[in-house]
Amino acid sequence: MAAEQQELRRSISERPGTGIVHLGLGAFFRAFGAVYIEDAVRVSGGDWGIVGVSLQSPGTRDRLAPQDYVYSTVTQGADGSETFRRVEILQDVLVAPEDPEAVLARMADPSIRIVTLTVTEKGYCHDPATGTLNVSHPDIVHDLNNPLPRSAPGFLVRALQRRRAAGHPPFTVLTCDNLPENGRLVRGVVLDFARRVDSGLAGWIEAEGRFPSTMVDRITPATKPEDIQRLAQKTGVRDAAPVLCEPFRQWVVEDDFVPAYGAGARPDLAAAGVELVADVTPYEHMKLRMLNGTHSSLAYLGYLAGHETIADTVADPVFAAFVKMLWEQEIIPSFQAPDGVDLSDYAEALFERYSNPAIRHRTWQIAMDGSQKLPQRILGTIADNLSAGRQSPGLVLAVAAWMRYVGGTDERGQPIEVKDPLAERLRNLSESAPTPDEKVAALLSVREIFSSGLAAQLAVPVGRSYELLCRVGARRAAEEIL
Ligand code: CS2
């Protein structure tokens, strides 16, 4: 009953000072990085309160501000249990398009020692096939010519520029997005941008700045309005911005923070269960290829086959066998496991996580932004297999399913709401090509996604899979590959 519901409030009156600005305040960071950082502060203290920044819309701020930026995470177990946790580490939320100056001022403040990011793949304004800054991106064109930015790279560089001018050390840039060697990628994008602004600034960032790579993992499906209602009724406390998540979480971080801050360069992440390592690459490969690669494969095939969520998709024995085949035969052979990790155990654990019926992670949600995701999730694996003389029929089918998906019509002739920065172009390419083979060739010609070498090697196998998909549908096609 609404009348009996209480307001969500801070339980601790003493707050830590602010040490982190986070760009891109979506559900994932609130269920993940914020929780780890709060745990680290609980164990070891430190002024690591977080100021969140929404780069696009005010929705999250508008929901969080009336509850003093406190929110709950709801961990959903496979047995139907729900564990609630109140997260109080967020101190403020700024909305960049409303007041970019306020965001820059915070980022330039010397109390801020880390800027974390979850801006999604497309937020780096890079070319996914090469990992370099896309200088014709409209936001980058804008940001190179204006002191008040719109894009994540723009905010990073302009804030670093202010810090240098004021004589403060840079902040550590800690990216938490699912990109390969994400720290090196954001460093490259930032340096490229900075060089176009001021070569002295670029040299300073290169020498003094730090961009550790990270591997992040926690499945966090989008919260729906009915979840908010249901949880309020269940707990008697109204939270306008709860985040749902699975029990599992893993954060692996390269221990390389701005040295000028000494021991104050980062929270005590190890105390919160973060694995601090010298090189995160093997963990990133494992996670991007084994989790995100199969997530995307299941998202396109599952969506086409009429499945709403990943759990529904793997409850279908065909797709359960298909994803296990992907792991065993195509993905695990493609890379070196991190020391001490058994990849078959990892795959088994992933299957359990996908099967969690409480996690309603929509195939449509994961299918979003495929043009930005395919290279690191699927194409790298296919390319490595090709160089080793191995075929990847399952992953090739997933690429064909992505092509079918971005064509915009599902197997029952219903329109698909394709969300992708290249959506219009992809659809036009698909629609204007008359035959299935020509559609495949047209989509393979998108150089932001497929290098010319890989496109040439994929033309025949993807063409065959695409034809199979159109003829028998996603489920039967997956069955035939098996
Ligand atoms: C998913 C990821 O939406 C997607 O594309 O594959 O967000 C996935 O849930 C996370 O990376 C899990 O750590």
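Me: Which polar backbone atom is 3.0 Å from an oxygen atom of the ligand?
Reply: That's a backbone atom of Arg218, at 3.0 Å from a ligand oxygen. I'm using polar contact for a pair of N or O atoms within 3.5 Å; within protein, one must be able to donate a hydrogen and the other to accept it, and residues adjacent in sequence count only if both atoms are side-chain atoms. Keep in mind that this is a predicted model, where local features need pLDDT of at least 70 and side-chain atom pairs count only at pLDDT 80 or more, while totals for chains, interfaces and linings use all residues. Residues are numbered from 1 along each chain as its sequence is written, and side-chain values use heavy atoms, with hydrogens and water left out.

Me: OK, and what side-chain atoms lie 2.9 Å and 2.6 Å from a ligand oxygen?
Reply: A polar side-chain atom of Asn178 sits 2.9 Å from an oxygen atom of the ligand. For Lys287, a polar side-chain atom is 2.6 Å from a ligand oxygen.

Me: Which residues surround the ligand?
Reply: Going by a heavy atom within 4 Å of the ligand, you get Asn178, Val216, Asp217, Arg218, Ile219, Lys287, Asn292, His295, His361, Ile366, Lys373 and Arg377.

Me: Switching topic. What domains does the assignment give?
Reply: Domain 1 is 2–278 and domain 2 is 282–481, with the bounds coming from an automatic or database domain assignment. Their C-alpha centres are 29 Å apart.

Me: How many residues are in contact across the two domains?
Reply: 33 residues of domain 1 contact 29 residues of domain 2. Contact here means heavy atoms within 4.5 Å.

Me: And the largest nonpolar core, which residues have the most contacts inside it?
Reply: Met290, Met403 and Phe450, in a core of 73 residues. Both domain 1 and domain 2 give residues to this core, so it lies between them. There's also a second, separate core of 39 residues, which includes Phe155, Leu156, Val189 and Val190. A nonpolar core is a set of buried Ala, Val, Leu, Ile, Met, Phe, Trp, Tyr and Cys residues joined through side-chain atoms within 4.5 Å. Buried means under 20% relative accessible area, exposed over 50%, and partly exposed in between (1.4 Å probe, protein chains only).

Me: What does Phe450 touch?
Reply: Leaving out residues up to four places away in sequence, Phe450 touches Leu374, Leu379, Val399, Trp402, Met403, Leu443, Leu444, Ala455 and Leu458. As a general point, nonpolar side chains in soluble globular proteins tend to be buried together.

Me: Let's do α9. Which of its residues are buried?
Reply: Asp227, Ile228, Leu231 and Ala232, in a helix that runs over residues 225–235. Seen down the axis of α9, the buried residues fall within an arc of 130°, so they line one face of the helix. That arc is taken from the directions from the helix axis to the C-beta atoms. Helices (H or I, at least four residues) and strands (E, at least two) are DSSP runs, numbered from the N terminus.

Me: What do those buried residues of α9 pack against?
Reply: They pack against β4 (71–76), β5 (82–87), β10 (237–238) and β11 (243–245). Just after α9, Gly236 takes a positive phi of about 80°.

Me: Where is Glu181, and what is its phi?
Reply: Glu181 is in the loop between β8 (172–175) and α7 (182–197). Its phi is positive, about 45°, although Glu181 is not a glycine. At a relative accessible area of 33%, Glu181 is partly exposed.

Me: Last one, Ser297: buried or exposed?
Reply: Ser297 is buried, with a relative accessible area of 0%, and it lies in helix α10 (residues 281–304). A polar atom of the Ser297 side chain is 2.8 Å from the backbone oxygen of Gly293.

Me: What else does Ser297 touch?
Reply: Leu326, Ile378, Leu395 and Ala398, not counting residues up to four places away in sequence.
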